[in-house]
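Open the model in your viewer and keep the selection tool at hand. Each stop below says what to select and what is there.

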Amino acid sequence: MSRTAFVALAVSTATAVLAGSLLQARPQERPQQPPVFRTATELVEIDVVVVDKAGQRVHGLTKDDFILKDRKKPQSIETFTEVQRSIERATELPRLPPETRVDVASNTSAKAGRLVVMVLDDLHTYRGRTDTVKAIARKVVNDLGAESAMSLIQTGGEHGVEVTDDRSRLLGSIDRFQGRRPTRRPLEVCDPIGQPRDVETATASNLDPGCEIQELNANRSLYRALEDAARILGSGDKRRKAFILVSENVAKDISGLFDGGQQVATVVSNSIWQAAPAYEYQLLNTMNAMRRGNVATYSIDPRGAITPQKLMEECFPPPRGERGIGADPCVGNEVSGSPTDWTSWVRQAQHGLEIMSEETGGFAVVNTDDFTGGISQIIADLDNYYLLGFYPSDMSGKGYRPIDVEVKGRPDLTLRYRRGYQLEGAPPPPKATSELNRLVGGALPKNDLPLRLQAIPMPPGPTTGKNALVVIALELTVPTTMMQEGDSDRLLDDIEYGMYAIDVKGAKVREQQGSGAKVTLRPRPGLVAVPDKVTYAIISEMQLAPGSYQLRASATSKKLSAGGSVYLSFDVPDFSKDALQLTDLLIAYADGPHVPIARDLPPAVVQTTQREVVARGTTPSMTRPAPVVPPTWPAPPLTVPFDPTLDRTFVARDTLRLYFKAVQRTPSPLTATISALAPDGTVVVTFDRLLDAGTQPSLDISLPLNQLAPGPYRLQVVVTDGTNDATREVALIIKP
């Protein structure tokens, strides 16, 4: 069913005012047996990967095949799902190159069934291995593909990327990675002396002899980054969650550290804390955060295979002082003939990665040059697993609880799962805040109300200085049954929505706006079957200075009694910086919007829009009257000549409308080459057009899609003045 089945009857918008209400309870008869309700916070879910001796994932097991124990007590498995995403991908169209920018964000993307945070540990990486880390990270991004929503963290705190489906932003961050260790020699643990467990209070004056404050800062930055990310991922998201950590880690034997859950053995001498606990408490806090969040950690050591002979290179330069090689703790006893000696610093670092990964249900790719095979095994884990859920039989107390999972009668199988979980007790009451603010307060968007979002920066206007005029399109999808009002054929909704532009560098909200809207939709003439869902869009504008932003939009539907949020990362260019620049490409259906359009209206205009209005649009499967656009219907924003579509999947019979502007330092004639490129870069269709003359030359043309076979494409525009070139692209998919 086409989404053009409904058109806007009347849309009124005004400044949002959120108000609460109380429902008066009616007297009721006392039930004989009150029902027992379980809360979602009681359900504990465990991701379990099952592998046979050949390293292949085992499929076809049932709930009855598993035994799950909480603190050695068998538990009843209440929820059970087998996930095989490799089957889901078998019917997909060819992918676009990962460098292709994604310009529309969605909070309900079915393809993003996995949530992956890649952590590039630049603080512990030898700078001579920078290219190796980049190659590993690019391989991960390329192979995970569009089925994963990803974030990227560098432990040095720079070039991070928020959770996104846009792989081009991840690759841009990877390109800026630089290992910061000047030597190959592993970084050892440096702990404060005479300090309590909190390493944050350490200073250069109270460290172990031979340690430097930079080493302490590097170690705690690594684990703080993992801990913070784990807490974010653990906030209610049910997708498969994983860290992919590329790190040389720290020289420290952590065997047995996590067995006790929350306790670390305390060593006290003369009432003074010894050095070891500080590092161990930081690491244990990180592990507990990963356990709470059900986050599996997969580690990759970029050093590759380290033979006993190569170990000498990895321990260069030699230690400070007069100690000989035999006394060097970095080398241990391996060179003297014990290749399995884990006392050497390199082996301790590798073993530490293995322990951290296995405790959370992952594994480590260490002491091997086969990074490609390791990444393939990681993706196989993320694609093939069982999700087991249980309600703990004993809810008393809180804290760490060990878990054991096995398959009945199959000791030959290897199971990977988190070895314990945290029982937190009742969560604290939410802070007093508006619902719109709450929906955008977390690192991950909420999807109870399906939303899509696009932001299109356009050149500054005559009164905006350097601030760009950003056209924002927010699209909502609501079940038709929720919007129906009695026997009327009209659909009604009452919504509140907000837009928040966050400066990525400063993590500050630079601009925000909120509105309310009463939406009325009526069926298009000739409609026979009512669609299950109705989609409509809200168009607004915002002024932003040049910079990198994350736009967060939230909306609540009164009829649906639900809210959602959606996040989009985008850049606002400085249009005065280069000799020639292009705006993003604005696309729409040539025959008009295919969804009803609403937009912010001044109060005086609201009263003039209450009569019936037929919004422009098409329904390919039915005949309809010619479009009617009365003068009382507000025109699109002056910044762009038409309302954009957020669709990126079309059929060959569609015709698109393409628009963009060029900004020049010195006016001169401009020529645009418009091309449709296949995923491998092959030009399928191409033609040239001259841009309209003026202070900001533009192009507004129609693009029939009937020359394109089903598949993904990059719609590319290259503009030249004979000396300077500028390029913009947008991804499209033509479906059969």
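Axes here are lines fitted to C-alpha atoms, for helices over the stretch in contact, and angles run from 0 to 180 degrees between N-to-C directions. Helices (H or I, at least four residues) and strands (E, at least two) are DSSP runs, numbered from the N terminus. This is a predicted model, in which local features need pLDDT of at least 70 and side-chain atom pairs count only at pLDDT 80 or more, while totals for chains, interfaces and linings use all residues. Residues are numbered from 1 along each chain as its sequence is written, and side-chain values use heavy atoms, with hydrogens and water left out.

**Stop 1: two helices side by side**

Select helix α2 (residues 130–144) and helix α3 (residues 167–175), whose axes are 10 Å apart and at an angle of about 175°. α2 is therefore roughly antiparallel to α3; that word is used for angles over 145 degrees, while under 35 counts as roughly parallel, 65 to 115 as roughly perpendicular and the rest as oblique.

Which residues make the contact (heavy atoms within 4.5 Å) between them? On α2 they are Lys 134, Ala 137, Arg 138, Val 141 and Asn 142, and on α3 they are Arg 167, Leu 170, Leu 171, Ile 174 and Asp 175.

Now keep α3 alone. Seven of its nine residues are buried, where buried means under 20% relative accessible area, exposed over 50%, and partly exposed in between (1.4 Å probe, protein chains only). The buried residues of α3 pack against α2 and the strands β7 (114–120), β8 (148–154), β9 (161–164) and β27 (562–572).

**Stop 2: the other partner of the helix**

The axes of α2 and α8 come within 10 Å and cross at roughly 35°. On the α2 side, the contact includes Thr 132, Ile 136 and Val 140; on the α8 side, Phe 371, Ile 375 and Ile 379 are among the residues.

**Stop 3: a six-stranded sheet**

Select the open sheet with the order β9-β8-β7-β11-β15-β16, whose pairing is mixed. Two strands pair if DSSP finds at least two bridges between them. β9 and β16 (364–365) each have a single partner strand, so one side of each is left without a neighbour in the sheet. Between β8 and β9, which run antiparallel, there are two bridges; one to find is Leu 152 with Val 161 in β9.

α8 packs on this sheet, touching β7, β11, β15 and β16, and its direction makes about 175° with that of β15. Helix α7 (residues 345–360) lies across β11 (240–246), β15 (295–300) and β16, running at about 155° to β15.

**Stop 4: a five-stranded sheet**

The next open sheet has the order β31-β37-β36-β33-β34, again with mixed pairing. Show strands β33 (residues 671–677) and β36 (residues 711–720), which pair in the antiparallel sense over seven bridges. Leu 677 stands opposite Arg 714 in β36.

Within β33, select Ile 674. Is Ile 674 buried or exposed? Ile 674 has a relative accessibility of 1%, so it counts as buried. Beyond its neighbours within four places in sequence, its contacts include Leu 658, Phe 687, Ile 701 and Leu 715.

**Stop 5: a single threonine**

Last, select Thr 480 in helix α10 (residues 480–483). Thr 480 is buried, at 2% relative accessible area. Not counting residues up to four places away in sequence, Thr 480 touches Leu 491, Val 530, Pro 531, Asp 532, Lys 533 and Val 534.

Technical notes
Contact means heavy atoms within 4.5 Å.
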